[in-house]
Amino acid sequence: MSTLEKFYAGDAIALAKIITHIENRGPQTDQILAELYPRTGKASSVGVTGPPGAGKSTLVDKLCAMLTDSGKTVGVIAVDPTSPFTGGALLGDRIRMQDLTANKNVFIRSMATRGSMGGLAVSTSEVIKVMDAFGKDIILVETVGVGQVELDVAEACDITIVVLVPESGDSVQALKAGLMEIADIFCVNKADREGSGRIVSEINMIMDVKREKSGREFPIVATEAVNNVGLDQLMEKINMEIERIKSDEFFMKHRRRKIRYDIMKTVEHRLKNRLRKDILSEERLSGYIEDIFNGRGNPYDLARRLIDDKSEE
Ligand SMILES: Nc1nc2c(ncn2[C@@H]2O[C@H](COP(=O)(O)OP(=O)(O)O)[C@@H](O)[C@H]2O)c(=O)[nH]1
Ligand SMILES: [Mg+2]
């Protein structure tokens, strides 16, 4: 049996192998993705993002348990380099992680954040597709909301939950970091701590304009992930957002936007790779630097020549 045949038969090891091949940009990456593409589109991907320590992994953990209890199969992608799933965690986290890994209906994968040459969002989006084709119903993607890369990763998901905690200035930070832009649902976790009411009203204030313009809810759910408080409400909002995306009027628009995203990001990523591997390989680049340093040519003529003139390659 080939790896793909095993994959089709539901073998989790084959799933892991295929993900590794794609993450490492193996020679058959594009063929595999093309082959799997017709099988995608059934799963819903849910990004869970927010500052470090907000409780994202705890939430993912609990959501997973709830989803599998209700008969759903789940994929988890951890992009957070400090996430318990990636092994960078404290003992307490490891114990929690075991709960998940013992669950056969959950497949967990952490993404290497280093050496991905800016392609993290693309690889994440591809891994989502592979899990989708494998038959996972829901794919949860945990990522730390600290930079553009993480925002890009969130963009690769169908819906995004932004997790915040009741610490002073958190909503302002989140606003600055662009998190308000990408949120479909807000989760104010650690509601057992002081100030959770205040952050909810802060988010409300920020979101009211957007709500009025779009007619959308942008719900805020207060949770205590460790104490299992508010998780049913959060799940309800997740299901509502998934329903919204799948509703007829929205679906066509959403699908087209995803296809646009896939085309743009894939071509951009493949071109960048070719640029670095080939057109501007380290060796060629060094040569060009020396040329220009020694007074021969300039970056602008070089750029024109490299892009227009195929014989350069
Ligand atoms: N007080 C309190 N602590 C929590 C809550 N949820 C998670 N934590 C704790 O916050 C810490 C960070 O959680 P983690 O899920 O690893 O955060 P992440 O970095 O966002 O993934 C852990 O020690 C959790 O046990 C909560 O609702 N209340
Ligand atoms: Mg984490």
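Helix 11 and helix 12 are roughly perpendicular to each other, because their packing angle of about 80° falls in the range of 65 to 115 degrees that counts as such. Before I go on, please note that this is a predicted model.

Helix 12 covers residues 248-279, and where it packs on helix 11 the two axes are 5 Å apart. Which residues make that contact? On the helix 11 side they are R244, I245 and K246. Helix 12 supplies D248, F250, F251 and H254. Sorted by class, that gives three nonpolar, one polar and three charged residues.

Helix 11 has another partner. This is helix 4, residues 56-69, which packs against helix 11, residues 231-246, with the axes 11 Å apart. The angle here is about 75°, and so helix 4 and helix 11 are also roughly perpendicular to each other. From helix 4, the contact uses L59, K62, L63, M66 and L67. From helix 11, it uses L231, D232, L234, M235 and I238. How many of these residues are nonpolar, polar and charged? Eight are nonpolar, none is polar and two are charged.

Now the ligand, and helix 4 comes up again. Ligand 1 is surrounded by 16 residues. Helix 4 contributes three of them, the largest share of the shell. The closest residues are G53, K56, S57, T58 and D192. By class, the shell divides into five nonpolar, five polar and six charged residues.

On to individual distances. A polar side-chain atom of T58 is 2.5 Å from an oxygen atom of ligand 1. For G53, the atom concerned is a backbone N or O, and it sits 2.7 Å from a ligand oxygen atom. N189 places a polar side-chain atom 3.1 Å from a nitrogen atom of ligand 1. How much of the ligand's accessible area does the protein cover? On its own, ligand 1 has 590 Å² of accessible area, and the protein covers 78% of that.

I182 belongs to helix 9, which runs over residues 179-182. Leaving aside residues up to four places away in sequence, I182 touches T49, L151, A154, T160 and V162. Take T160 from that list: T160 and I182 are 22 residues apart in sequence, but their C-alpha atoms are 6.6 Å apart in space.

Key
Residues are numbered from 1 along each chain as its sequence is written. Chains are lettered from A and ligands numbered from 1 in the order in which they are written. This is a predicted model: local features need pLDDT of at least 70, side-chain atom pairs count only at pLDDT 80 or more; totals for chains, interfaces and linings use all residues. Side-chain values use heavy atoms; hydrogens and water are left out. Axes are lines fitted to C-alpha atoms, for helices over the stretch in contact, and angles run from 0 to 180 degrees between N-to-C directions. Helices (H or I, at least four residues) and strands (E, at least two) are DSSP runs, numbered from the N terminus. Angles under 35 degrees count as roughly parallel, over 145 as roughly antiparallel, 65 to 115 as roughly perpendicular and the rest as oblique. Contact means heavy atoms within 4.5 Å. Ala, Val, Leu, Ile, Met, Phe, Trp, Tyr, Cys and Pro count as nonpolar, Asp, Glu, Lys and Arg as charged, and the others, Gly among them, as polar. A residue is near a molecule or strand if one of its heavy atoms lies within 4 Å of it. A polar contact is a pair of N or O atoms within 3.5 Å; within protein, one must be able to donate a hydrogen and the other to accept it, and residues adjacent in sequence count only if both atoms are side-chain atoms. Accessible areas come from the Shrake-Rupley method with a 1.4 Å probe; for residues, only the protein chains shown count as cover.
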